[in-house]
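Please look at the model below before reading the points.

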Amino acid sequence: MEQKKITGHLLALFTIILWGTTYVSTKILLTDFKPVEILYFRFIMGYVFLIVLCPHFLKVRERKQELYFMAAGLCGICLYYLLENIALTYTMASNVGVIISVAPFFTAILAHIFLKTEKLQLPFFVGFVVAMVGIVLLSFNGARMELNPLGDILAFLAALVWACYSILTRKISSFGYSVILTTRRTFFYGILFMIPSLFFTDFRWGLSRFANTTYLLNILYLGLGASALCFVTWNTAVKVLGAVKTSVYIYIVPVVTVVTSVFILHEKITAISAVGIALTLAGLFLSEGKFGKRSEKTILTHKNGVSCR
């Protein structure tokens with residue numbers, strides 16, 4: 001069991017590292033692609049890849065289980081990415097980065113309400129506060145924070161729907177199906193729900209753009225790596241660790257972004273960034289209950305493979 005949990009933590013860390021580097025590929029593609037085009041192409045590519053990886057049909061045992069897949073696709077694939085991208089057009093990226101990092105807190109609250117298998121203790125809340133201080137330092141790094149109500153509200157909504165996706169994924173994991181098949185079914189509904197947005201965003205296929213090798217390699221990275229592979233590893237981590245423990249890894253996305261900027265964009269880590277990284281990592285470990293003894297008093301109590309078969 002301990003080995004299984006270690007695997008869960010490694011999968012969550014691996015996923016976040018890849019997700020934290022996607023901004024580079026997205027930035028390159030934005031030169032000639034609209035945000036919704038990037039989203040649609042990457043998830044279609046991810047969906048096809050999962051079919052090739054596991055060419056079996058998922059037959060649900062109960063009809064109501066299909067509703068969970070639909071809701072997960074709507075929240076985690078369609079709404080989250082659309083809200084995040086729209087938010088970026090109305091507010092600063094630093095604002096969005098900080099607000100999205102509130103998702104673990106929303107996840108904890110929803111887990112308390114809807115899940116019956118997880119316990120949330122004092123270290124989680126202490127870690128949340130410490131991590132958020134670190135994330136703010138990383139995101140603003142001495143710059144002045146500017147509130148942009150519409151964009152900031154959309155970012156909060158994005159964090160909320162990701163928390164909903166985490167809870168839905170935890171519920172889906174209890175059905176006992178292959179993670180690859182459940183992820184593929186979620187992708188299907190996410191892509192389906194995304195179709196209406198294509199008519200309001202001047203979407204164009206323009207597949208000839210992928211004749212550019214740079215564009216092709218970056219969309220492959222986003223589609224096969226950050227979408228297909230990462231959603232499978234993330235959903236597996238949620239299945240093993242639970243929604244709350246997995247979600248706190250979101251805290252280190254800004255850390256990965258800063259470190260990536262150093263190696264790829266040759267930016268320098270400032271003293272403020274260094275403190276921010278230290279606090280964010282400390283917050284992560286605190287939230288996971290790694291420091292000291294676990295609190296004997298439970299603050300919130302919830303009642304609480306990857307194989308293709």
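Is F188 buried or exposed, or partly exposed?

1. F188 is partly exposed, since its relative accessible area is 35%. Here buried means under 20% relative accessible area, exposed over 50%, and partly exposed in between, with a 1.4 Å probe and protein chains only. F188 lies in helix 8, residues 179-198.

2. This is a predicted model, in which local features need pLDDT of at least 70, side-chain atom pairs count only at pLDDT 80 or more, and totals for chains, interfaces and linings use all residues. Residues are numbered from 1 along each chain as its sequence is written, and side-chain values use heavy atoms, without hydrogens and water.

3. A nonpolar surface patch is formed by F188, L192, I195, F199 and F200, together with about 560 Å² of accessible area.

4. The chain has 12 helices and 2 strands, where helices (H or I, at least four residues) and strands (E, at least two) are DSSP runs numbered from the N terminus. Of its 309 residues, 51% are buried.

5. Helix 1 (residues 2-29) packs on helix 11 (residues 253-264) at about 55°, the axes being 8 Å apart.

Methods:
Patch = residues over 30% accessible without salt bridge, like charges linked within 9 Å, V, L, I, M, F, W, Y side chains within 5 Å. Areas by Shrake-Rupley, 256 points an atom, 1.4 Å probe, with all protein chains shown as cover. Salt bridge = Lys/Arg side-chain N within 4 Å of Asp/Glu carboxyl O. Axes fitted to C-alpha atoms, helices over the stretch in contact; angles between N-to-C directions.
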